[in-house]
Amino acid sequence: MAPTTVPRVRRTAQNIQYTYNLPRHIHAVQTYPVLSPQGATILIYGHENGVTLVWRGGRKFKAEVVKEAERGPTGKQNGQPPEDAVMIIDSDEEDAAPAKGTPVFVDRPQFEEAVDEDAPYPEIVQTLDLEFGTAVLHLAALPLTPCTAEDAAWGGMEILKDRMVFAASCATREVFLITLPLVPPSPLSKARAELQESLLAGKAGNGKWGETMTLLAGQIKGSDNLAMTLVRSKTSLERNKSTERSRSGSRAPPRVVVAAHSPEASGALRLWDVPLEESSKTGQRIEPFQTEFLPKPLTSISFNPTHSTQLLCNASPEAVRIYDYALPSMPPDDLSEGPFPSQGSWIISFHPPFSRPYSVRKLILAASWIAHGRAIFVLLGDGQWGIWDIDGVSPQGPALFGKPASGIRGDALTEFNVTGYVEGTSPLRNPASQRNSGGGSDFVPMTPHSRRDALATTQGPERLASVKGGVVVTSLPASTTTAADESIALWIGGPEHIFVIPGVLKFWDAQMRKGVGGGVNLFSGAQPTRMIRLNDLSVGLMGERCTGVGAIVRFVENHGAGNSGNEGLPVELLVCGESRLVIVRESETVVGTRIGGVIGQRKRLSGRAKENSAISVFPRPLQPSSVAYNLSVGPRRTLSRSAADGSFEEPSSTGPTTQVQVEQRPIQLPTRPRNGFSFADSLSAAADVEQQDDEEERDVEVEMLDVMQIDRRLDAIDSGRERGRKKVIFDS
């Protein structure tokens, strides 16, 4: 079942939330970095029966194609009735191949010429369910910079322009590499008769949607972490100096390396090398080319977006380590097959600080590459965050005596280049303060309520074992005015603590200047230089717990250039619940979204935007027109009596002059002008005019009649309750 295409919209002072209710339990959500050819963002989420793909935004299907699909396969096909319909009464060979005259369905989607600009939000264009027959627990996509389909040929891989590539790990220990067309299937393709004849006709791997599946075998238990990357053609040339291997690597087709971690024994890391060809067929089985047994299970893994052979491994709480599968740990042997060695190397380890006053290191919730693979952003269990500068890419400069140097310092404890604490996480560091503030004795009776309180106030680092969190880094496309930057979305604990860093490099530079006395606050200042907290997200989840976050680059507002770092958030936040997806978008009316100024321009609401389910407040109609007064502080040179009389009077009528007008007419002007306060003589007259206007516009009798009518209706409702019948009043 597909998700509801119409979201529940909720507007707040800070953002707009679009909640999609899903009929299944969500295990993982992934945003594919490449847009579809018609301009839609592709969302992939795994559930208990497989994978569902959602195309959001972009050009819609033509209306006539949708109506033709709604008629079903029994209607006309392409405007012509079927001429040769054959009914088979009996057949002894049920598994026989289809007849040669059976036409092969070729999907040709037809879209509108342009994107609907009047839509209040990007609508869901199409959904597709890939049934695996088992639960999909983890997903992985290519670490590419978000781009359009025309610019997706990374390293000369033309296949990425037409097809998406992602990996999925199932609960039954299988790992699959899946390729699928970027173009969404048309409504006619989903309404085919062959898909309605059998429930298993649309199962993943049958090729009904143009998909291919490659089984990555060799695991004993299911995977709990998954990552993938593209292999450059020059990787094998740099790895080995052997001439034969260099020649074989230069002729190798485009390849994908998939890494998976499984909790076998104390942890096992496996890597597969999969050729990425358009002619690859479903049903292939590939064995891992490397298997690394670990002393302790890993929490997360991710590939370096620049150095594709480096894998970031989170071995919490001991360290964060980097593994290079292309760098052999021993001299090359002739037993290894393929362009890679049989065993990789561990390059470096980064150790987090200790949890004082204990001799235990802090829990590492998440770690991710930033600065395009040249630094690491880490989030710890007590709310502390930090940046490890690997290649010396600090905005302040890594040079030491004029020579470039690495930004890494420390041995048993790796020092952060910049660090800080997330807002609202002080109870994770000082739980004793909350317990002492409540008062009471140290004796705790063992009742269910007190037992829960005792577990909540557990001392020591073990109290942070149940804290969940994550970090998602999204690369932003470069434009002619801005350099390529990245955006970070992080969460800790739940939906109450979700934050966004619009620009990593500007944020890093602001924190460095803060350390030397720059005076930049973590949650104040210009938007890209601070960490923005998103509020009221628990209402969008409707009571469900937060299981993860994601990000969607705002291509439409950026005009494909990613320059939204100067105006609002460059991404839309994707909050994942147990059975709900909430897309959070910064409101256009938020004050101070532009750097160095305030946005005073409000986006004009279309007719469709006013009809949505959100509550919008518009100005009160029939507002009195404003009256202009001369408040100039300059010297008044000449002022005639007629001009002074007509400044605050109503237009004269043809009738006789009343006594009130005679009293208002004489205005005594000072013989000598008082510079700076000459307007004070006319303030009382201006106030009298405003009071008269309010009395004339307000009709007290009409207001009293309205109140009396409301009272009569309330009395009628009360009398109807005594007779046991209900009355409903409908106002036209």
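Where is the place of R163? R163 sits in strand β8, a strand being a DSSP run of E with at least two residues, numbered from the N terminus.

## Before you look

This is a predicted model, in which local features need pLDDT of at least 70 and side-chain atom pairs count only at pLDDT 80 or more, while totals for chains, interfaces and linings use all residues. Residues are numbered from 1 along each chain as its sequence is written, and side-chain values use heavy atoms, leaving out hydrogens and water.

## Around strand β8

R163 is buried, with a relative accessible area of 13%; buried means under 20% with a 1.4 Å probe, protein chains only. Its side chain makes a polar contact with the side chain of T179 at 3.3 Å (N or O atoms within 3.5 Å, one able to donate a hydrogen and the other to accept it; residues adjacent in sequence count only if both atoms are side-chain atoms).

## The nonpolar cores

The largest nonpolar core has 52 residues, and M164 and L53 are among those with the most contacts inside it. Such a core joins buried Ala, Val, Leu, Ile, Met, Phe, Trp, Tyr and Cys residues through side-chain atoms within 4.5 Å. Strand β8 (residues 163–170) gives the largest share of this core, 6 residues. A second, separate core of 25 residues includes A366 and V418.

## A ring cluster

Ring pairs link F289, F303, Y325 and F340 into a cluster; rings of Phe, Tyr and Trp (its six-membered ring) pair if their centres lie within 6.5 Å, with planes under 30 degrees apart counted as stacked, over 60 as edge-to-face and the rest as tilted. Y325 is buried, with a relative accessible area of 0%. The rings of Y325 and F340 are edge-to-face because their planes stand at 75°, with centres 5.2 Å apart.

How values were computed. Buried < 20%, exposed > 50% of the residue type's maximum accessible area, 1.4 Å probe, protein only. Helix = DSSP H or I, 4+ residues; strand = E, 2+ residues; numbered from the N terminus.
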